[in-house]
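This report walks through one protein model and its two ligands.

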Amino acid sequence: MEKFDLIIIGGGRASGLAIAAAQEGKKVALIERNTLGGTCPNRGCVPSKLLIGYAEAARRVREASRHHIDATINGIDRQKMFDEVAEWISGVDPRYESRLPANITLYRGTGSFLSNNEVLISGKDGEEVAQITSETIVIATGTRPRPAPYSEYPVWTSDNICPLKNTPPASLTIIGGGFIGCELGAFFSAIGTETSIHVRGKTLLPRIDPELAPIFQEQFEHHTPVYYESSLSDLTYDGEMFTCTFSHPDGSNHQHVSERILFATGRVANSDTLRLENTDIETDDRGFIKTDDHLRSTVPGIYAAGDIAGNYILQHTASYDIHYLRQSILKGSTEALDYGAVPHAIFTEPEVASVGFTEKELQDKGINYVSTLRDWKSSARAMASKLDYPRTKLLISPDTYAVLGCHLIGPDSSTLIHQILMLMHLKNDIRELPKMIHIHPALPELFLDAAIDVIKKAKFT
Ligand SMILES: Cc1cc2nc3c(=O)[nH]c(=O)nc-3n(C[C@H](O)[C@H](O)[C@H](O)COP(=O)(O)OP(=O)(O)OC[C@H]3O[C@@H](n4cnc5c(N)ncnc54)[C@H](O)[C@@H]3O)c2cc1C
Ligand SMILES: NC(=O)c1ccc[n+]([C@@H]2O[C@H](COP(=O)([O-])OP(=O)(O)OC[C@H]3O[C@@H](n4cnc5c(N)ncnc54)[C@H](O)[C@@H]3O)[C@@H](O)[C@H]2O)c1
């Protein structure tokens, strides 16, 4: 059995760790069963955001009338959009492979454990490719969409919609109103696909701040109809069109016909193919690998990083895990993992971004806070957009003036949030913000108004 210094199972974000280890002269095995690069560049963040670029261009034309400009869209070449992004995706695997140094052995196949330190690699038909061993193994196998029901039909999930080899549909039904349902829903409706979203509950984006949720829903529904408390109870497919039957809490049903259906109902851990029963590695009740604050699994020498460690399902936290392992495995750092303030954004129309606690989380945890909810009218640049809905919600500690959470809804929220993120990261005291000279009248000025208001509230608490 060939022995390696480091075995990595899963060539998503962890391919960076493989390269770093190889550059330090380690003998590395990297096992990937699909395309190198993993979810983010092949079927996740990057393709979805490239698609959203087309949506934004279409919306700018449609909404030009807000600025008294009479503009019309004369045509949308949806196929060209799919083809361009598909072309980009087709280069991902070769690009990643070309970056691998010679002392990485790349195994194309599924990795599974024979014992705590022995890994079997199996090919597409289950044939044995190799058996290898190492005292250091990193599991970075990510997640996949929750299995869609009615898989006998050509239903879409966020995994099989890419690499966008299909014809873009004229109509689409989306089940699930989380990150993926909302982002892809916003894209398809903007490019003229008749799109609807169906959710079981009463809200979109379950973790959104309760004061921003109604604003988001109202704005989102301007372009995409959302059916709440709608549970899919039946699905038929006649070879061309899907007919969905949805049932509602009052016992009524409604039917919806579309050319395509997309299930976006969450993601599950890719731990079931690892044959963990041959090891002492433990998982939580959702199948994510249990790790401590050093990303160590329950077996010495075996680590889990990225989505499979179950802390977040975000590219930037997966990358952070990999950076952490570079320091700990390769450089011997003993510091515990500390994510600090983890931001996220949802690249929809409207765009939202968050960092830190929501108000509900603060209440549930019994943390003392003061909050402000401000519109963006104090910023001339924001006013120029002629949008009424953008808001900043800021939550701070009245004792230390530390920012506990910030939630934004409005154009460029994903960019703007970095100002608060930086503050939280460096010297978390909101009183620092008004001391800084801001460019007038740039968008970040909108934080001045919110900061001054919340500082005043904290003083009088
Ligand atoms: C549609 C969509 C949009 C997204 N948008 C964003 C976004 O805008 N921002 C953001 O932060 N995050 C986003 N995400 C989440 C982000 O893509 C993931 O958090 C990130 O890619 C996780 O990286 P990872 O390396 O942990 O896992 P992955 O990238 O999933 O890599 C795991 C790899 O392991 C392989 N693998 C699995 N099991 C085995 C096995 N047994 N043997 C060998 N190989 C195996 C898989 O094939 C895969 O290549 C999005 C996800 C989706 C689906
Ligand atoms: N911009 C970003 O950062 C970004 C974008 C896309 C995805 N992601 C990551 O990927 C993860 C997965 O995205 P997602 O949208 O699949 O999951 P999600 O958890 O965001 O949303 C899934 C939604 O589906 C609903 N649902 C579950 N089962 C259902 C069923 N049977 N019928 C109807 N609805 C059902 C859930 O209540 C939830 O609202 C996200 O949690 C996020 O971490 C991030």
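Thr157 sits in strand β10 (residues 156–157). The model is predicted. Is Thr157 buried or exposed? Its relative accessible area is 11%, so Thr157 is buried, the cut-off being under 20%. Leaving out residues up to four places away in sequence, Thr157 touches Pro145, Ala148, Leu262 and Phe263.

**Ligand 1**

Ligand 1 is surrounded by 37 residues. The closest are Glu32, Thr39, Lys49, Asp307 and Gln315. Glu32 brings a polar side-chain atom to 2.6 Å from an oxygen atom of the ligand. Arg13 uses its backbone: a polar atom there is 2.9 Å from an oxygen atom of ligand 1. Cys40 also takes part through a polar backbone atom, 3.4 Å from an oxygen atom of ligand 1. How much of ligand 1 does the protein cover? On its own the ligand has 1000 Å² of accessible area, and the protein covers 94% of it. Several elements give two or more residues to the shell: β3 (28–32), α2 (39–43), α3 (45–62), β5 (110–115) and α8 (315–331).

**Ligand 2**

Around ligand 2 there are 17 residues. Ile180, Glu183, Gly266, Ile313 and Ala345 come nearest. A polar backbone atom of Phe179 is 3.1 Å from an oxygen atom of the ligand. An N or O atom in the side chain of Glu183 is 2.9 Å from a nitrogen atom of ligand 2. For the side chain of Arg200, the distance from an N or O atom to a nitrogen atom of ligand 2 is 3.4 Å. Taken alone, ligand 2 exposes 840 Å², of which the protein buries 74%. Which helix gives the most to the shell around ligand 2? Helix α6 (residues 179–190) does, with three residues.

| Residue | Part of residue | Ligand atom | Distance |
|---|---|---|---|
| Arg13 | backbone | ligand 1, oxygen | 2.9 Å |
| Glu32 | side chain | ligand 1, oxygen | 2.6 Å |
| Cys40 | backbone | ligand 1, oxygen | 3.4 Å |
| Phe179 | backbone | ligand 2, oxygen | 3.1 Å |
| Glu183 | side chain | ligand 2, nitrogen | 2.9 Å |
| Arg200 | side chain | ligand 2, nitrogen | 3.4 Å |

**Helix α7**

Why does α7 (residues 213–220) count as largely enclosed by the rest of the structure? Because six of its eight residues are buried. They are Ala213, Ile215, Phe216, Gln217, Gln219 and Phe220.

**Nonpolar cores**

In soluble globular proteins, nonpolar side chains tend to be buried together. Here the largest nonpolar core has 53 residues. Ile7, Phe113 and Ile132 have the most contacts inside it. Helix α1 (residues 15–23) gives the most to this core, with six residues. Apart from it lies another core, of 39 residues, including Ala55, Phe187, Val352 and Tyr389. Beyond its neighbours within four places in sequence, Ile132 is in contact with Met1, Glu2, Phe4, Ile7, Ala29, Ile31, Tyr107, Asn117, Glu118, Val119 and Ile121.

**An annotated residue**

UniProt, in an unreviewed entry, lists His440 for "active site". His440 lies in the loop between α11 (413–426) and α12 (446–459). Its relative accessibility is 62%, so His440 counts as exposed.

Note on methods:
Residues are numbered from 1 along each chain as its sequence is written. Chains are lettered from A and ligands numbered from 1 in the order in which they are written. This is a predicted model: local features need pLDDT of at least 70, side-chain atom pairs count only at pLDDT 80 or more; totals for chains, interfaces and linings use all residues. Side-chain values use heavy atoms; hydrogens and water are left out. UniProt positions are given in the numbering used here, feature names are shortened, and annotations may be inferred rather than shown by experiment. Helices (H or I, at least four residues) and strands (E, at least two) are DSSP runs, numbered from the N terminus. Buried means under 20% relative accessible area, exposed over 50%, partly exposed in between (1.4 Å probe, protein chains only). A nonpolar core is a set of buried Ala, Val, Leu, Ile, Met, Phe, Trp, Tyr and Cys residues joined through side-chain atoms within 4.5 Å. Contact means heavy atoms within 4.5 Å. A residue is near a molecule or strand if one of its heavy atoms lies within 4 Å of it. A polar contact is a pair of N or O atoms within 3.5 Å; within protein, one must be able to donate a hydrogen and the other to accept it, and residues adjacent in sequence count only if both atoms are side-chain atoms. Accessible areas come from the Shrake-Rupley method with a 1.4 Å probe; for residues, only the protein chains shown count as cover.
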